[in-house]
Amino acid sequence: MDNGRRIALTGFMGVGKSSVARHLSSILRCDRLDLDAFIEKNTKRTIAEIINGDGESAYRVIETENLVRALRGTPARILSLGGGTWTIRANRELLVADGVTTVWLESSFEHCWTNISKSRKERPLAKNKDAARELFESRQSIYCLADWHFIVRPEFTSYEIATQIAEQVFS
Ligand code: S3P
């Protein structure tokens, strides 16, 4: 099942990238890295503190620096990106140059919003439903550039999605 690829999961906030990555790394028995958590560990600040305090542009610079560190300095084979990581051209170029296979977890806005509303994670770029919907819509054509697309429906568990990815992307 395992063809040695490194993969990065992308998709909108609340789609379940981190949970799918967790299952995928246990199915494939390989290391994973959650980019948001990696940034928080390295900066000793939460993502919300960075975005609320320094602004989104400053955050994007930190995010790209940490993506480079993750790619060059860790053995992690499964990366769960932040919801905006793949939307930045420099990050896409880094991932492509490193031969990382990208997987878009595609879902409806309502499904993502339900998860965002239930979650305790503070998401400064999704402070209200209208702002989040606008961001969601503006990003679809960029997420679409990922190598693989998997549809996430509310009735699918993250384990089921991880299994599908393992079977199809890693075969
Ligand atoms: C962001 C998504 C967040 C986090 C940051 C910015 C975005 O990650 O990286 O708040 O631009 O969509 P999740 O997708 O894990 O919530």
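Select α4 and helix α5 (residues 89–97): the two pack at an angle of about 10 degrees, with axes 10 Å apart. Axes are lines fitted to C-alpha atoms, for helices over the stretch in contact, and angles run from 0 to 180 degrees between N-to-C directions. Helices here are DSSP runs (H or I, at least four residues), numbered from the N terminus. α4 is therefore roughly parallel to α5, a label for angles under 35 degrees.

This is a predicted model, in which local features need pLDDT of at least 70 and side-chain atom pairs count only at pLDDT 80 or more, while totals for chains, interfaces and linings use all residues. Residues are numbered from 1 along each chain as its sequence is written, and side-chain values use heavy atoms, leaving out hydrogens and water.

Next, show side chains at this contact (heavy atoms within 4.5 Å). α4 contributes Glu63, Thr64, Leu67, Val68, Leu71 and Arg72, and α5 contributes Asn91, Leu94 and Leu95.

Move to helix α3 (residues 47–54), which packs with helix α4 (residues 56–73) at an angle of about 135 degrees, the axes being 7 Å apart. Ile47, Ile50, Ile51 and Asp54 of α3 meet Glu56, Ala58, Tyr59 and Ile62 of α4.

Finally, select the ligand. Of the 14 residues around the ligand (a heavy atom within 4 Å), Lys17, Asp36, Arg60, Arg123 and Arg139 come nearest. A ligand oxygen atom is 2.7 Å from an N or O atom in the side chain of Lys17. At Gly83, a polar backbone atom is 2.9 Å from an oxygen atom of the ligand; for Gly84, the corresponding distance is 3.3 Å.

Methods: Polar contact = N/O pair within 3.5 Å; in protein donor to acceptor, adjacent residues only side chain to side chain. Parallel < 35°, antiparallel > 145°, perpendicular 65-115°, else oblique.
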